[in-house]
There are 4 protein chains.
Amino acid sequence: MNETPSPEFQLAQEVFAGQPFTALVEAHLLRFETGVAAIEVPHRPQLLQQHGFLHGGVVAYAIDNAITFAAGTVLGTSILTAGISVVYLRPASSGIVATATVIGRTKRQAVVNCEVHCTDAAGTDILVATGQGTATIIER
Amino acid sequence: MNETPSPEFQLAQEVFAGQPFTALVEAHLLRFETGVAAIEVPHRPQLLQQHGFLHGGVVAYAIDNAITFAAGTVLGTSILTAGISVVYLRPASSGIVATATVIGRTKRQAVVNCEVHCTDAAGTDILVATGQGTATIIER
Amino acid sequence: MNETPSPEFQLAQEVFAGQPFTALVEAHLLRFETGVAAIEVPHRPQLLQQHGFLHGGVVAYAIDNAITFAAGTVLGTSILTAGISVVYLRPASSGIVATATVIGRTKRQAVVNCEVHCTDAAGTDILVATGQGTATIIER
Amino acid sequence: MNETPSPEFQLAQEVFAGQPFTALVEAHLLRFETGVAAIEVPHRPQLLQQHGFLHGGVVAYAIDNAITFAAGTVLGTSILTAGISVVYLRPASSGIVATATVIGRTKRQAVVNCEVHCTDAAGTDILVATGQGTATIIER
């Protein structure tokens, strides 16, 4: 895509990149548009577990963060992630992309689904994990 | 505790420390005994999100890993974590300890609860998050 | 639809209607096709909780059963539901339809998302709850 | 127990028995004390699925309701269950007891664990399923 990112996307990328833990993981915000956010975690040896696959904690990080940013596209920035559930389908041996989609909301809460994909050595797209979570607006 | 760690605990600590992502997070395996595993993630500025609290992804990492190691105390080492659910109760502003306890098992599967605690500035123990998950023996 | 149901759909409807608890709830199997199953629970006073809304347990029943039948469209009939997670968004004051969609599978397991909708007094479609779950093939 | 139930327990039993769906299932409130609630669902042929085991939807109903009542012991009666997760460990071939325990709370929310047990033909206690959920105080 050669399109200029929207101001909202640029701001979200700054917030995302400003998370110290995201800088440690070296993740990128790929998409940020109404109802959708996507996060890429490129392959790095530092992100693996003892069998050479991507650590499940990295997958959970990506799901947590993608769900929070997707919820932010509809609820604004004063939100907290209330909970997530994660199903691990297959170990990932490459970088991943976590794409989160808002499937419903109330005045205070959004519920978000997430899919985590990687690409195997043959170039085939693989579903690594799925998640579901909710974020709520912080009461003042 | 001045007790010498059991050989199983020492081995588990080596496996744990051998996870590259765990080295990046700088977590420690505190406990590893039948049905229980505990992981400490000491406070570090690199583990925060944009508001200065511990990143939810770090909490999810600790729950994922504590559940897997607790399941390993009863199922052995050839296991995969099948899924986790996480409830975030309060943001953490210090290091955390995630303690996972096996509450039941079948021949192939264990179900594990997890609590994540931190200590606030006044020294009070705080429940940060809870988790529940399952791990299954890998089929050969 | 005036189409004749497929033989698979007719068989699934018989299995579904043969569940004694489903007969007690008076639910119907609306859809059963590759990757998708939908269940209708018509409004009945016997299905409510103390505030006059549909009991959360009925919503959970519908999600559990829709996920199991959707998984059955891709894994066959020798399956067990391993787990579900449910997010309740709004109370339902009418009958509901739970639609479950398989979003991925391995050789032994399917992961399934589910949405539960109702129609309010003004005829508007409302998202009541969402779910996610897994089913696995029974080992012999 | 020959003790007279507390007034709170008696009131909770009335609310519980006043749920039309609970009357349809024929469940009983066994315990209701600070931080704990337990629900019994006695064996009945009407509660089974097609293989002769207790329907997973009945297990989910018991977990949902036990979590809600346990949360009510600490949050009061103006609450909604926000979500539950369920892990099914083994099919139940008898009645079940779901015991829910509050493991933490904030001002507005409680997080609750739940275990579902049955007794097999030999009189052995069996863990059928586990759950975790949250309930929140309704905003006025």
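# Close-up views of a predicted four-chain model

**View 1. Strand 3 of chain A pairs with strand 3 (residues 79-88) of chain B.** The pairing is antiparallel and runs over 5 bridges. Within it, Ile84(A) has Val86(B) as its bridge partner in strand 3 of chain B. The model shown here and in the other views is predicted. Strands of a sheet pair through backbone hydrogen bonds, either parallel or antiparallel.

**View 2. Chain A meets chain B through 29 residues on each side.** Three elements of chain A each supply at least two residues of the side that touches chain B: helix 2 (20-25), helix 3 (56-75) and strand 3 (79-88). Strand 3 of chain A gives the largest share, 9 residues. By class, this side of chain A has 16 nonpolar, 12 polar and 1 charged residues.

**View 3. A rotation of 180 degrees carries chain A onto chain B.** The shift along the axis is 0.0 Å, and the RMSD is 0.0 Å. That is the relation of a two-fold axis. In chain A, the C-alpha nearest the axis belongs to Ser85(A), 2.0 Å away from it. The same surface serves both copies: 100% of the contact residues of chain A recur in chain B.

**View 4. Chain D touches chain B through 14 residues, and 14 residues of chain B are in contact with them.** On the chain D side, strand 3 (79-88), strand 4, strand 5 and strand 6 (125-137) each give two or more residues. Strand 6 of chain D gives the most, with 4 residues. The classes on this side of chain D are 5 nonpolar, 7 polar and 2 charged residues.

**View 5. Chain D superposes on chain B by a rotation of 180 degrees.** The shift along the axis is 0.0 Å, with an RMSD of 0.0 Å. The same surface again serves both copies, and 100% of the contact residues of chain D recur in chain B.

**View 6. Strand 3 (residues 79-88) of chain C pairs with strand 3 of chain D.** These two strands pair in the antiparallel sense over 5 bridges. Val87(C) has Gly83(D) as its bridge partner in strand 3 of chain D. Strand 3 of chain D is largely enclosed by the rest of the structure, because 9 of its 10 residues are buried.

**View 7. Within chain D, strand 3 is joined to strand 6 by 9 bridges.** The two strands run antiparallel. Leu80(D) stands opposite Thr136(D) in strand 6 of chain D. Another antiparallel pair in chain D is strand 4 (residues 96-105) with strand 5 (residues 109-119), also joined by 9 bridges. There, Val97(D) has His117(D) as its bridge partner in strand 5 of chain D.

**View 8. Ile84(D) lies in strand 3 of chain D.** Ile84(D) has 28 other C-beta atoms within 10 Å. The cut-off for a buried residue is 20 or more, so Ile84(D) counts as buried. Not counting residues up to four places away in sequence, Ile84(D) touches Ala60(C) and Val86(C) in chain C. In chain D, Ile84(D) touches Ile63(D), Asp64(D), Ile67(D), Gly131(D) and Gly133(D). Leu48(D) is 36 residues from Ile84(D) along the chain, and their C-alpha atoms are separated by 22 Å.

View 9. Helix 3 of chain D is mostly covered, with 19 of its 20 residues buried. Gly76(D) follows helix 3 of chain D and has a positive phi, near 90 degrees.

Terms used. Residues are numbered from 1 along each chain as its sequence is written. Chains are lettered from A and ligands numbered from 1 in the order in which they are written. This is a predicted model: local features need pLDDT of at least 70, side-chain atom pairs count only at pLDDT 80 or more; totals for chains, interfaces and linings use all residues. Copies are superposed by least squares on the C-alpha atoms of residues with pLDDT of at least 70 in both. Two residues are in contact if their C-beta atoms, placed from the backbone, lie within 7 Å. Two strands pair if DSSP finds at least two bridges between them. Ala, Val, Leu, Ile, Met, Phe, Trp, Tyr, Cys and Pro count as nonpolar, Asp, Glu, Lys and Arg as charged, and the others, Gly among them, as polar. A residue is buried if 20 or more other C-beta atoms lie within 10 Å of its own, exposed if 12 or fewer, and partly exposed in between; C-beta atoms are placed from the backbone.
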